[in-house]
Amino acid sequence: MKPWDLETQLTEGKLVELATRVIEIRFDALIDHDPDKGDGAWDLGTKVYERTIKQLAWAAGKEFPWLSVFLSGLYIDLKVDGCPVRIFRGDPDNPNGNVTRWALENGDRTFGKNGTEFFEGMEPPSVAWVWVMAVQTVGDGTPVRVIVEQVSDEGDTRNRWAVPLNLQAIRAAVEKKTWRANVESMAKPPIELEPAAVLPKATEDAASDERS
Amino acid sequence: MSVANFSGQRLKVARNFRGLRAENLAAELGLTKQFVSYLESGKRKPTEMIVQACGDVLGFDPGYFQELGLLDEFREQDCAFQRLVSTPAFTIKRVLAHGTLFGHMVAVLESVLSLPADTVPRLVADKPEDIAAAAARCRRAWKLDADAPLKSLTRLLERAGIVVTAFKGSAEKVDAFSRGGEGHRKIVVANYDKENPLEYRWSIAHELAHLILHRPPHLATPEREKEANRFAAAFLMPRGGFSRDFPRSKSPGQLNWDGVFQLRHRWGVGIKAVIARAFELRLITPLQCQRAYKYLHAHGWHRDEADAIEHEKPELVATMFSALGDTPIGAPIELARRLNWSPKTLERVSGLPVSPLVVRMKEPRTS
């Protein structure tokens, strides 16, 4: 089942727009990221996280009229037309503890574990499900795909949908917006060095001449 | 002339340098192979006539074989070798002998000349990200711009106190080797036979990596070679500058080949190295990388790099030769005399012409 088959407000268009923005922010942070200067995974992760929550908060209700955001410090709650969605970086098959805890607190218990709808008179299902957007990356933080799926408070997943994104095109667009447009003017001239100097060693005679 | 001090080790080094096997030398001298082996192992002493003949054949003055003290011999375990697995042992011995004589010549020159101080940093790194960071640290240590290409890598090494030399005609199967270690002047010996100036630069950068990252004994493990190549890539093509320069595709999925070739010239590395670095920095996708390699091989572009840049040349030894005039040695020809080498041997070892106007010692017969 596709997200919009289960939650009508989670349309393909909105999810693609949201995922594109999240990926743009990550690529933009990767441009600034320089492991050769000491940047590491922690630095990249925090930069991407803070930029993401702030830029989504800026876009909410304006650029993305369907998005509402509750932002408190570094805590964020996102809703797409009222439907809570959590964004996280990681493996869509193994959501981390933060995601499952969030599912426990905010999950929808309308549906049972097997996906059957809950009707009055039935025993309420014990499992809580939430919608998440998982950004999967490789070792250096480069995104490789974005998955929208449901995650339970027990860490199970279902109704997975891969957001159709052209990651190369997004990256190219981000780079064009930043410094890559000015490549020619920014190219540094090659480093030119003078030849190594060699001097005769002072002989004893020369040394005594200098002393006198 | 006394033969009491005859050094079998010096004979062996001279023979290997000239690329002769024991039986070849024995045939030249009219001796048996076993006798030559005895001479080299010190079990027998030669006659004065044999010493003279050895010198004639190998290109050395008889005094060379009778100098006191052993040569500081370049041994395989002390040197980091960049070579093919199939390189014959004899070829290794030949280039090591070249290195031994070159090191000896540098030591004599250093007794009268002040060479640049050794400023090569010693760094520890084995993980890929640590190696890239080590390359950046190395640039910082030498006060180089972190993101700009290097015009002459050889000159950089020489300024850091590494003596670089290029051998010709010794072996096609050895790209380069280096020797560091405590108490030794660092030396890089690269193959000048390869007409590709980009390969030469890469070899130098690869050896620089060994000098910075690795300690003897040098075991040519694939891991160490990979580490050295990773360092070379990060040092020659630092992330920031290279990423900024890497050309944008004109259309999605396509490489901008014109731009890529410009990078080869600008950064002084082979086209394959440009593609590999772009992939490592995720500037291109795995698919683009794979297609690029296929395309390169199909067109043979990776082999056609002879005129890509001007061939770098070692300069330090030439500078040392020029500076000899203000020293007690005076001139290269006198250096040859002091070393008890023929001028031709000094030319072969140093790769530089020794004054042609001076009457030369008897030249060795060609083998």
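## A pocket in chain B

About 720 Å³ of space lies within the second largest pocket of this structure, which is a predicted model. The lining of this pocket is made up of 24 residues. Those nearest its centre are B:E199, B:W202, B:N229, B:K272 and B:A273.

Three helices of chain B, namely α9, α10 (222–236) and α13 (271–280), each supply at least two residues of this lining. The most comes from α9(B), which gives six residues. By residue type, the lining of the second largest pocket divides into ten charged, eight polar and six nonpolar residues.

## Enclosed cavities

The structure also holds three cavities of 30 Å³ or more. The largest cavity has a volume of about 90 Å³. It is lined by 14 residues, and the closest to its centre are A:D36, B:A136, B:A146, B:D147 and B:P238.

Two elements give two or more residues to the lining of the largest cavity: α7 (128–141) and α11 (239–245), both of chain B. The largest share, five residues, comes from α7(B).

## The interface between the chains

Where chain A and chain B meet, 31 residues of chain A are in contact with 46 residues of chain B. The area buried between the two chains is about 3,400 Å². Carbon and sulfur atoms give 56% of that area.

How many salt bridges are counted between chain A and chain B? The count between these chains is three. A salt bridge also joins the side chains of B:D145 and A:K188, with a distance of 3.0 Å from N to O.

Apart from its neighbours within four places in sequence, A:E194 is in contact with B:R155 and B:R159. A:E194 counts as exposed because its relative accessibility is 58%, and the cut-off for exposed is over 50%.

## Salt bridges within the chains

Side chains of opposite charge can pair when their charged atoms come close. Over all chains, a search of the whole structure finds 24 salt bridges.

One of them joins A:K54 to A:E50, whose closest N and O atoms are 2.9 Å apart. Both residues lie in helix α3 (residues 41–59) of chain A. They are four residues apart, about one turn of the helix.

In chain B, the side chains of B:R201 and B:E312 meet in a salt bridge of 2.6 Å, N to O. This pair links distant parts of the chain, the two residues being 111 residues apart. B:R201 belongs to helix α9 (residues 197–213) of chain B, whereas B:E312 is in the loop between α14 (286–299) and α15 (316–323) of chain B. Both B:R201 and B:E312 are buried.

A further salt bridge in chain B is formed by B:E347 and B:K344, with the closest N and O atoms 3.8 Å apart. Why are B:E347 and B:K344 separated by about one helical turn? The reason is that they are three residues apart in helix α17 (residues 343–350) of chain B. B:E347 counts as buried because its relative accessible area is 15%, and the cut-off for buried is under 20%. B:K344 counts as partly exposed, at 30% relative accessibility. Elsewhere, in chain A, salt bridges that share partners join A:R21, A:E24 and A:E63 into one network.

## The fold of chain A

The secondary structure of chain A consists of seven helices and seven strands. From the N terminus on, these elements run in the order α-α-α-β-β-β-α-β-β-β-α-α-β-α.

Chain A has 212 residues, and buried residues make up 40% of them. Among contacts in chain A between residues at least 6 apart in sequence, 54% join residues at least 24 apart.

Technical notes. Residues numbered from 1 in each chain as written. Chains lettered and ligands numbered in written order. Predicted model: local features only at pLDDT ≥ 70, side-chain atom pairs only at ≥ 80, totals over all residues. Heavy atoms only, no water. Salt bridge = Lys/Arg side-chain N within 4 Å of Asp/Glu carboxyl O. Buried < 20%, exposed > 50% of the residue type's maximum accessible area, 1.4 Å probe, protein only. 1 Å grid on protein atoms, 1.4 Å probe; cavity = no way out; pocket = protein on both sides within 12 Å on 5 of 7 lines; lining within 4 Å. Points joined across faces, edges and corners; volume = space filled by probe spheres on them. Contact = heavy atoms within 4.5 Å. Buried area = accessible area lost by both parts, 1.4 Å probe. Nonpolar A, V, L, I, M, F, W, Y, C, P; charged D, E, K, R; others polar.
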